[in-house]
Amino acid sequence: MEKLIEMNGIVKEFPGVRAIDGGHFDLYPGEIHSLIGENGAGKSSMMKVIYGLYPAEEGEIILKGERLDHFTTKDVIERGVGMVHQEFMLVNDMTVLENIILGFEPIKSMDRLDFAEAARRINEYVHTYGLDIQLNKKVKDISMGEAQRVEIIKTLYRGADLLILDEPTAVLTPQETVKLFEILDNLRKDNKSIVFISHKLNEVMEISDRITVMRQGKYIDTVEAAKTSEVELARMMVGRDVFLDIKRIRPELGEVVLSIEDVYVPGEREISKIRGLSLQLHKGEVLGIAGIDGNGQAELIEAITGLREVEKGRVVLNGQDISNKKVREIREIGLSHIPEDRNKRGLNRRMSIQENLIGLNYDKPTISKGLFVDKGKARSYSENLISKFDIRPANPDASTQFLSGGNAQKIVVAREIDQHSPVLIASQPTRGVDIGAIEFIRSQINEQKTTGTGIILVSADLQEILSLSDTIAVMFEGRITGIMDRSEANEDNLGMLMAGGTVA
């Protein structure tokens, strides 16, 4: 069988780093071939090379039997390749239909757009592949799962029979992931070919025909999914055995350090409004908050951290009412925050590693000298955190702009944990990071409670909640549907509560 893609000996360099060093990948018609590796392994860069976004310094690229040299993205789109990026390329204030046909609008007489013909074509894809979308809704009003389906239809509408999906499940709920896999299976049955970029081994094993592993820019191996295991894939990705099942430290609970008392908070949507929610967090406890994304978890954390108004009720930290106080005041009273979106609220990507690490302490004696930052203290402080949290590259002056997701997240985790606050909010702390960083971040959270820190852990990953939590609260449509000790919790009863049900 002739290969659709052949990439051999690929080399791609960015300033100061060789992102791909001898990369190899191939793809057959009608298969799902996963490309996996830690963040920064070069997997996305490999696919951006074939898609014409990055020129390769060296190597051979053959697409559908034709060797490509000096090509553009337009060239590969015309050859039937589509790419769905991790960050969706949609216009929020336009409708789903308008987004799909943008740049490829069908024209009828007098140069008018033929929306009816466009809708007819799109609905064929919807019905054939199970791509459930509403064409007249604005993109700003749809879920992440729907937005992803819009992106897939965009590629099909442009004639793609070869789809590249970059970390497609990173922003999806478990239910949306199941729906995506049904769609991918339908595409495969119709002889479409799919490149699935991921680091989630359970998903890769479920959906793939073959799997290619990269590590630190190098090609490691290609294996059949049916002839390997998650353990073996993890070993190839990281170069050592990886242990994601953390040995949870049993807590010695102290006094209440954070109390949420009958709180009401406005929501982004009707189902995410907080209505009369109450919770308590003890010293030395990990309180896990489980739930499908969009059911008020983000609003609750924003209310606690001062980023969203509390309409009624109060939030008490270390005995002080912090409701509607400024973020800086709340931090000084005793709260650290690993935010859900590191790029929006956790990092300044235009700054260096050092500047991001000292961001909370630049005016304190540990870093400053009078009105100015002491360069020696700042460097010593940042080098210590870089070493302790294994941030790569180990260069305080390196820009965060080109860091992998895992290393960018480690900067946020290092800075927040180093504050030694009585309360740590960890919101989706391992979302979108690689397997090695997941292992490290979970171990850091687990160790923090031994210092007496009370931790609120918000995660859409049930395995993470079950692995780290001492107590688990489940949210559904802005309310708590159940609170249970970790010893009583499992995926079945948590899933029931996440869907708004009850547990006997």
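**Entry 1**

I started with Lys218, which forms a salt bridge with Asp21, and their closest N and O atoms are 2.7 Å apart. A salt bridge here is a side-chain nitrogen of Lys or Arg within 4 Å of a carboxyl oxygen of Asp or Glu. The pair links distant parts of the chain: Lys218 sits in strand E12 (residues 218–224) and Asp21 in strand E2 (residues 17–27), 197 residues apart. Strands (E, at least two residues) and helices (H or I, at least four) are DSSP runs, numbered from the N terminus.

Lys218 is partly exposed, at 40% relative accessible area, and Asp21 is partly exposed too, at 26%. I noted the scale: buried is under 20% relative accessible area, exposed is over 50%, and partly exposed is in between (1.4 Å probe, protein chains only).

**Entry 1: what I'm looking at**

This is a predicted model, where local features need pLDDT of at least 70 and side-chain atom pairs count only at pLDDT 80 or more, while totals for chains, interfaces and linings use all residues. Residues are numbered from 1 along each chain as its sequence is written, and side-chain values use heavy atoms, with hydrogens and water left out.

I found that the count comes to 41 salt bridges. In one of them, Asp161 pairs with Lys64, with the closest N and O atoms 2.8 Å apart. Asp161 is in the loop between helix H5 (144–157) and strand E9 (162–166), and Lys64 is in the loop between strand E4 (58–63) and strand E5 (66–67), 97 residues apart.

Next I looked at Glu232 and Arg235, whose side chains meet in a salt bridge (2.6 Å, N to O). They are separated by about one helical turn because they are 3 residues apart in helix H8 (residues 230–238). I also saw Lys3, Asp26, Glu31 and Arg210 joined into one network by salt bridges that share partners.

**Entry 2: the inside**

Which residues have the most contacts inside the largest nonpolar core? I got Ile100, Ile122, Ile133, Ile152, Leu184 and Leu187, in a core of 50 residues. A nonpolar core is a set of buried Ala, Val, Leu, Ile, Met, Phe, Trp, Tyr and Cys residues joined through side-chain atoms within 4.5 Å. A second, separate core has 41 residues, including Leu347 and Val413.

I checked Thr177 as well: it lies in helix H6 (residues 174–189) and is buried, at 8% relative accessible area. Leaving out residues up to four places away in sequence, Thr177 touches Thr169, Leu172 and Glu203, where contact means heavy atoms within 4.5 Å.
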